[in-house]
Structure formats: structure tokens, C-alpha cells
Amino acid sequence: MRIVHTSDWHIGRRFEREPLEEDQRAFLGWLADQVASRGVDLVIVAGDVYDRSLPAEDAVALLDDGLDALRSAGATVAIIPGNHDSARRLGFGARRQALGGVHVFADDQRPPEPWLFEAGGDAAVLVAVPYLDPLTAPAPVPSPDGSARPRTHGNVLADFVGTGRDALARFTGVPSIAIAHAYVAGAVPSDSEKVLAVGGADAVDASVLGGFDYVALGHLHRPQRVGGDHAVAYSGSPLAYSFSEAHAKSVRLVELADGAVASVEEIPVPVGRPVATIEGTLEALLSDPAHEGLTGHWVAARLTDDTTQVQPMERLRRRFPFAVSVRYAARSGAPGVVDGVGRRAGEGIAGAEPRRVEDVVLGFLEEVGGRVPGEWARELVVEAVGASRRAEGGDG
Ligand SMILES: [Mn+2]
């Protein structure tokens, strides 16, 4: 039996302000191709299917198409909601969808029943646990000595997983798989994951997920194994969703044979843009041959210039069409360092050409907005500066 483990699709998410719909559509198409060419029986999506609890219409339509494509390619689908999803919305129609081969495990109020999945004379038993909000999930059962256990993510998850694990006793000889959306202690996060619980109570001990042949995790965007001997792993997200995700993206192909996990393979995802953060003076970034390979990347530029540069985003985009962020690196703090804000408009830097007020304003908008102001903004600035000059009786 062949199973693909993936997670954190975040359908509907943007990269900075840039839409990712085409990249997400390309990923879902590629995944369906993998299902067909590799004979995949089951696709597991371990949470954060959507980016928001109330996804946009286009995001819903994209997921609908993607799930149809996976079904047409021959796979059954098993989904849990993540902390970005609304369990109730994602779970709408779950019983009817299951009849069509898409199993959405979204009940966050009752511990999971193991689900026996059979394909081609082979079987696996799955314990699928939706993301549990410690505040709304059933309270943790008291300790054996009668004392209350705190409402941590680890405790509510442990109760659900434990109930599912206990019920596995009736499936002897069948390999078991748990699906969960959690931050397992010791794993490596990125800037993309929202903190799950206030006060650091979100980390779950790996032992909570022990006792399964494989644990398909979602939440962290970096693919990685955790928990020592156990086959406990994050597939990671299929696309980079922040500049901290400068690692390769993949899905995991898990092969079951003779009642156990026979192999696990990471299949690289060939679609989507990698990310790169580059630092230097604007002039260096625009000319350094070392950056030649980044023209297809999402690029964040950290400028080390001591002076504010004219329209840095526009100039960067001539070389890096997918530059989406430009900031000045922390300056050394010499008094009087100019930044285009503290300096009086139109005042020149020593040795430089005086700058027009319009350019100063547009440069500021670009710096704080992270992108070149659009034509309408330019017209507005020119109009406003002109009106201001006329009002002052200046050179309008
Ligand atoms: Mn998440």
C-alpha cells in the first residue's frame, strides 16, 4: 500500500502580497500526477488545508478541483483540519464526502474511532485527530490520583490519541497510522507557523504520539523527522510561505508491506518559487554575479547603504522580477544618518543631486510598503505636492 503524506497547503495564502493561486494549482496538479504514476492508494493531508477559517471563494474552488483530481487519479483522501482551518466548516458534509472517497476527520469534541482503510487486498488503520484548541476541546481527564490536568495542547491531544490507540487492539497485524496537527517538542519551526497556545504550552512531547507504525504530522513547514526511533514526521508545506523557509519542499511517500512500514521516501515538489534573502548595497545586489540564479526566487533585499536609495524596489525588480521585500539593514546609528524621513524634503545628501519632493515621498511609500507605488499613487503624490507648492505660493 502506498500513502502520500502532505500538509499545510494553506490554500488561499499569499506570499507577502503576491497571489499564490497558480503555484497552489500547479502543486495539486503535480500531486494528482504522482498519485497516478506511482499508484498511490491514500493521500493524507495533516491540517492547515486552507489558510483561513473562512476561506475565499477562489480558495474553496481550488481545493474542490484539487480533491477531484486526486480522486480521479485513483487515491482516497484523508484530511484533518489544522489550527488555520475551521473544523466545523471543513467538516461540512463530511459523512457525504466520505461516500465519495474524501474522509474529513473534523470532530474535535469526541475522541477518534480508528478508521480501517483497505486497498488492493492490503490494509492500514488510521487514528486521525483534528487540531484541538485547548480551550474548546473536552477538558483533559483527571489524573489517576483525581487531580485535574491543565488544559494544554499536549494534554487534550494525549487524551484523543490515547483513546484511538487503545482501540487499535482489535486490529492486530494491521499497520497503524496517526494523523495530527501539533508542534512536537524538539522539532524545528519557521516564521510561518502561528503560535498554538499562549505561554509556550503548545509544545507536545513526542511520547504522546508513540505506539504507531507511522505518525503523519502537520503544522511545521520544514520537512523533518522527530522522536527518535519512531516514524514520526512532518511532511512540511508544499510551497514556501515565508522567507524563513529556505529549504527544499517535498511530500512523503510511505510504503506499507507485510504489516509494517517498508520505506519512506521524500519526493521533491518541483513547482513553486524558492525564497532568498540577499544583503548588500543596492549597487552590489544589482551587479553581483553570485545572485544570477535568483531571478525566479521570491527575493527579500536587505540594503546596507548608508543613504536612502531612489526607488530601490523598482530597480531590484528589473533584475529580480519576484522581489517582494526591501528594507534597510540595521544602520550603524551614526547621528544624522539620513533616511528620507528625518531629512527635510528636497534637501540633498552631500555630494548627491538634490532629490525632488515627489521622489522622496514615493521612496518613503516604497520603503514602508515594500513595493513600488502604483501609477494612481504616483499621480496622487504629484498632485498633492503640486497643490502644496501652490498653497505656499512657491514654485508650483
Ligand atoms: Mn498549523
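Q: In the protein chain, what percentage of the contacts between residues at least 6 apart in sequence join residues at least 24 apart?
A: The model is a predicted one, and its protein chain holds 396 residues, of which 40% count as buried. Among contacts in this chain between residues at least 6 apart in sequence, the share that joins residues at least 24 apart is 67%.

Q: Which strands stand at the edges of the open sheet of 6 strands?
A: The order of this open sheet, whose pairing is mixed, runs S7-S8-S9-S12-S14-S13. Because each of the two edge strands has a single partner strand, one side of each is left without a neighbour in the sheet, and these strands are S7 (115–119) and S13 (224–226).

Q: Which residue of S8 is the bridge partner of Leu 116?
A: Strand S8, which covers residues 122–128, pairs with S7 in the antiparallel sense over 5 bridges. Within S8, the bridge partner of Leu 116 is Val 125.

Q: Are helices H1 and H2 roughly parallel or roughly antiparallel to each other?
A: The axes of H1 (residues 21–38) and H2 (residues 57–72) come within 9 Å and cross at roughly 15 degrees. Angles under 35 degrees count as roughly parallel, and the two helices are therefore roughly parallel.

Q: How many of the residues in the contact of H1 with H2 are nonpolar?
A: H1 passes H2 in a right-handed crossing. The residues that make the contact include Leu 28, Ala 32 and Val 35 of H1, together with Leu 62 and Ala 69 of H2. Beside 3 polar and 3 charged residues, the number of nonpolar residues in this contact is 7.

Technical notes: Residues are numbered from 1 along each chain as its sequence is written. This is a predicted model: local features need pLDDT of at least 70, side-chain atom pairs count only at pLDDT 80 or more; totals for chains, interfaces and linings use all residues. Two strands pair if DSSP finds at least two bridges between them. Helices (H or I, at least four residues) and strands (E, at least two) are DSSP runs, numbered from the N terminus. A residue is buried if 20 or more other C-beta atoms lie within 10 Å of its own, exposed if 12 or fewer, and partly exposed in between; C-beta atoms are placed from the backbone. Two residues are in contact if their C-beta atoms, placed from the backbone, lie within 7 Å. Axes are lines fitted to C-alpha atoms, for helices over the stretch in contact, and angles run from 0 to 180 degrees between N-to-C directions. Angles under 35 degrees count as roughly parallel, over 145 as roughly antiparallel, 65 to 115 as roughly perpendicular and the rest as oblique. A crossing is left-handed if the near helix is turned anticlockwise from the far one by less than a right angle, and right-handed if clockwise. Ala, Val, Leu, Ile, Met, Phe, Trp, Tyr, Cys and Pro count as nonpolar, Asp, Glu, Lys and Arg as charged, and the others, Gly among them, as polar.
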